[in-house]
Amino acid sequence: MATFNKILLTGINGQVGHALYPKLQSLGEVVALDRSQLDLSKPDHIRDVVRQTKPDLIINPAAYTAVDKAESEPELAYAINGTAPGILAEEAAKLNALLVHYSTDYVFDGTKTTPYTELDETNPLSVYGASKLAGEKAIQEVGANHLIFRTSWVYGAYGKNFMRTILRLAAERDSLNIVADQFGAPTSTESIADATITALHAWDGTQRGVYHLVNTGETSWHGFALEIIRQYGEIAQKKNLAKLKSTVENVVGITTAEYPTPAHRPANSKMSTEKFMSTFKTELAPWELALRSTVTHLATFSVENH
Ligand SMILES: NC(=O)c1ccc[n+]([C@@H]2O[C@H](COP(=O)([O-])OP(=O)(O)OC[C@H]3O[C@@H](n4cnc5c(N)ncnc54)[C@H](OP(=O)(O)O)[C@@H]3O)[C@@H](O)[C@H]2O)c1
């Protein structure tokens with residue numbers, strides 16, 4: 001079992017960074033930094049911070065994640081998502097440290113009809129996807145010890161995400177229109193953090209590479225929204241919470257063409273988790289189960305703070 005002395009965690013205020021932080025404490029001393037303490041758009045700053053911290057494990061969930069805005073800010077997106085991971089990898093190599101990095105389903109073009117494997121060709125449709133792919137390649141070129149976890153449709157009780165947006169909109173509006181022709185796997189931050197810890201426990205220096213780390217099963221954004229509203233409705237009834245205005249009957253499926261966005265997104269971004277599960281000898285939960293745990297947590301939290 002791997003042991004670590006000092007862990008440098010980036011993006012502590014992001015969804016995945018926030019979920020990782022408490023769980024990493026069991027592995028070693030954690031130095032968790034926000035953007036003001038480690039700005040990934042500044043190469044010299046990255047080098048200085050890593051050299052001062054001297055970690056033997058670097059975990060990098062920080063990223064430029066504004067998918068649509070990236071279309072008009074490509075330089076910044078590439079600096080944070082493309083260049084910075086390579087610098088982290090160079091510094092990790094000098095320290096003989098392991099770098100854990102997160103990437104995205106948006107490296108694919110979505111034309112495949114079955115789940116993407118790690119061997120499938122990439123072909124990003126957006127600046128965001130291309131910048132994240134550049135980051136993967138920069139890490140691989142350095143050749144340091146690394147684990148790159150591609151995930152998708154990330155949500156959690158904390159941060160800005162689709163689940164929380166749906167719950168907010170469903171509380172305000174009588175009906176919602178949601179894209180029904182893009183398919184993928186909603187993945188909870190808790191699942192990503194737990195699976196990362198499992199992989200780190202199993203790390204023996206031989207598993208370097210890219211892995212697909214998502215909850216299992218698949219749905220559309222419309223299917224995801226329906227399940228969020230259905231599950232929240234059940235829990236709200238049991239806990240006597242306020243009802244949502246939108247019911248599942250009033251959530252309408254629409255096409256991508258009816259909801260144009262600056263960035264193009266893959267129609268199918270389902271990814272196979274076989275490599276992750278067999279390498280690290282673990283299971284990943286079905287997305288509906290992971291959602292139930294998050295919605296339950298959120299409902300309990302809102303009752304306690306009522
Ligand atoms: N969200 C998704 O649906 C999704 C899907 C697939 C893959 N991923 C990947 O999963 C990883 C985690 O995503 P997430 O959902 O946790 O993202 P998130 O909630 O948007 O958090 C990203 C974090 O990165 C930080 N950041 C942005 N620019 C920075 C900079 N210049 N220097 C340092 N930190 C900076 C942000 O800081 P501030 O708090 O100051 O803004 C934020 O805390 C990322 O690699 C992302 O590409 C996400």
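Helices (H or I, at least four residues) are DSSP runs, numbered from the N terminus. The model is predicted: local features need pLDDT of at least 70, side-chain atom pairs count only at pLDDT 80 or more, and totals for chains, interfaces and linings use all residues. Residues are numbered from 1 along each chain as its sequence is written, and side-chain values use heavy atoms, with hydrogens and water left out.

**View 1. Asn81 in helix H3.**
Asn81 lies in H3, residues 74-95. Asn81 is buried (under 20% relative accessible area, with a 1.4 Å probe and protein chains only). Its relative accessible area is 1%. The Asn81 side chain reaches the backbone nitrogen of Tyr64 at 2.8 Å. Contact here means heavy atoms within 4.5 Å. Setting aside neighbours within four places in sequence, Asn81 is in contact with Ala63, Tyr64, Tyr128, Ser131, Lys132 and Gly135.

**View 2. Thr294 in helix H9.**
H9 spans residues 287-304 and holds Thr294. Thr294 is buried, at a relative accessible area of 6%.

**View 3. Helix H1 against helix H6.**
H1 covers residues 15-24, and H6 covers residues 189-202. They pack at an angle of about 45°, with their axes 9 Å apart. That makes H1 oblique to H6. Angles under 35 degrees count as roughly parallel, over 145 as roughly antiparallel, 65 to 115 as roughly perpendicular and the rest as oblique. Axes are lines fitted to C-alpha atoms, for helices over the stretch in contact, and angles run from 0 to 180 degrees between N-to-C directions. The crossing is right-handed (the near helix is turned clockwise from the far one by less than a right angle). From H1, the residues are Gln15, Val16, Ala19, Leu20, Lys23 and Leu24. They meet Thr189, Glu190, Ile192, Ala193, Asp194, Thr196, Ile197 and Leu200 in H6. By class, this contact has 8 nonpolar, 3 polar and 3 charged residues. Ala, Val, Leu, Ile, Met, Phe, Trp, Tyr, Cys and Pro count as nonpolar, Asp, Glu, Lys and Arg as charged, and the others, Gly among them, as polar.

**View 4. Helix H5 against helix H7.**
The axes of H5 (residues 162-172) and H7 (residues 221-239) come within 10 Å and cross at roughly 65°. H5 passes H7 in a right-handed crossing. Phe162, Met163, Ile166, Leu167 and Ala170 in H5 meet Trp221, Phe224, Ala225, Ile228, Ile229 and Tyr232 in H7. The residues of this contact divide into 11 nonpolar, no polar and no charged.

Note on methods:
Helix = DSSP H or I, 4+ residues; strand = E, 2+ residues; numbered from the N terminus. Buried < 20%, exposed > 50% of the residue type's maximum accessible area, 1.4 Å probe, protein only. Polar contact = N/O pair within 3.5 Å; in protein donor to acceptor, adjacent residues only side chain to side chain.
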